[in-house]
Amino acid sequence: MSVSHLNIWVITLENALERQQRIERIFQHHNLDFNFLYGVDGRLGEHELLKKFNPHAFLRKHGRYSVPGEAGCYASHYLAWQKAVELDEPVIVLEDDCVLSDDASEAFQQAHRLVCEQGFGFIRLERDKVKKPAKLVCEESGFEVFRFYKIQQSMTGYIISPEVAKAFIAASERFVLPVDYFIRHMYLHKQPIYVLRPSPVWADDANIATTMDNRRARKAPLIFKFTRHAFRMKSMLLNGIWNIRFLLRDIQRDKV
């Protein structure tokens, strides 16, 4: 399959014209085809998916008040997962502040093949900001696939299969965490999270201002520090159990 046939979707907001023009220049440089996926602006509060957001559960689990952009970001990625299900094909999802490496085309091809032929349902394409503990599970054609034990936050770039997209959608009946925290908690969606290295995508944090409001502007009552701690302890335990399950799956894969 050629790169031009890959399903690449770049999440953007309809009025983010400068970001869209920047993305068009980047993809022209790489000779890659893509589509814009117009996401949800949580600050407007008009989209149907925003009704899924539960601010009280968010506060209880996360220990702080949410900001509108977080609900919109979750909803935007939810739309991307729906796109994978609708097309019944893996889709590459990027955010509009992304930067691509020189070998991005080759990396995208490799990631697509790994999803289609080896069953890796969710592969992060984004560079690690901080090295996380991970297990090498596959190595070929100059790329390595690792499975995270503790999953990196941020959602700048990934490839997702229709099957994993369905699992994420099913586990997102309510939005009660930032979307990258949802991905991080494996016990919620029961899917292993992999990363491709060298990774072809990173966020241009230095040159593009965030559209997210200040998450610490409004101080939460003290009680929610305790509910957050309880949620974190529960999550550590359950994520640990799922890590063991995925480790056994990795061992079985190694034997094949």
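The tour goes from a pocket to a surface patch, then to some salt bridges, and ends with a few backbone spots.

**Before you start**

This model is predicted, so local features are used only where pLDDT is at least 70 and side-chain atom pairs only at pLDDT 80 or more, while totals for chains, interfaces and linings use all residues. Residues are numbered from 1 along each chain as its sequence is written, and side-chain values use heavy atoms, with hydrogens and water left out.

Helices (H or I, at least four residues) and strands (E, at least two) are DSSP runs, numbered from the N terminus.

**Stop 1: the second largest pocket**

Select Lys150, Arg184, His185, Arg232 and Met236. Of the 17 residues lining the second largest pocket, these are the closest to its centre. The pocket has a volume of about 420 Å³.

What counts as a pocket here? On a 1 Å grid over the protein atoms alone, it is an open set of points where a 1.4 Å probe fits, with protein on both sides within 12 Å along at least five of seven lines; lining residues have an atom within 4 Å of a point. Grid points are joined across faces, edges and corners, and the volume is the space filled by probe spheres set on the points.

Now colour α2 (55-62), α6 (179-184) and α8 (223-255): each of them supplies at least two residues of this lining. Which helix gives the largest share? That is α8, with 7 residues. Sorted by class, the lining has 7 nonpolar, 5 polar and 5 charged residues. (Ala, Val, Leu, Ile, Met, Phe, Trp, Tyr, Cys and Pro count as nonpolar, Asp, Glu, Lys and Arg as charged, and the others, Gly among them, as polar.)

**Stop 2: a nonpolar patch**

Next, select Tyr149, Ile244, Leu247, Leu248 and Ile251. Together they make a nonpolar surface patch of about 430 Å². Patch residues have over 30% relative accessible area and no salt bridge, and nonpolar side chains (Val, Leu, Ile, Met, Phe, Trp, Tyr) are joined within 5 Å, whereas like charges are joined within 9 Å. Areas come from the Shrake-Rupley method with a 1.4 Å probe, and for residues only the protein chains shown count as cover.

Zoom in on Leu248, which sits in helix α8. Is Leu248 buried or exposed? Leu248 is exposed, with a relative accessible area of 55%. (Buried means under 20%, exposed over 50%, and partly exposed in between, using a 1.4 Å probe and protein chains only.)

**Stop 3**

How many salt bridges does the structure hold? There are 11, each one a side-chain nitrogen of Lys or Arg within 4 Å of a carboxyl oxygen of Asp or Glu.

Start with Asp204 and Arg22, whose closest N and O atoms are 3.8 Å apart. Asp204 lies in the loop between β10 (201-203) and α8, and Arg22 in helix α1 (residues 17-30), so this pair ties together parts that are 182 residues apart in sequence. Both Asp204 and Arg22 are buried.

Move on to Glu140 and Arg113, with the closest N and O atoms 1.8 Å apart. Glu140 is in strand β6 (residues 134-140) and Arg113 in helix α4 (residues 104-118), 27 residues apart. Glu140 is partly exposed at 26% relative accessibility, and Arg113 is partly exposed at 23%.

Then show Arg147 and Asp250, where the closest N and O atoms are 2.8 Å apart. Because Arg147 lies in strand β7 (residues 143-148) and Asp250 in helix α8, the pair ties together parts 103 residues apart in sequence. Arg147 is buried, with a relative accessible area of 0%, and Asp250 is buried too, at 1%.

**Stop 4: backbone spots**

Most residues other than glycine have a negative phi, and most peptide bonds are trans. Keep that in mind for these picks.

- Arg197 and Pro198 are joined by a cis peptide bond, with omega about -5°; Pro198 lies in the loop between β9 (194-197) and β10.
- Asp88 has a positive phi, near 55°. Asp88 is in the loop between α3 (68-87) and β3 (91-95) and is exposed at 54% relative accessibility.
- Ser141 has a positive phi near 55° and lies in the loop between β6 and β7.
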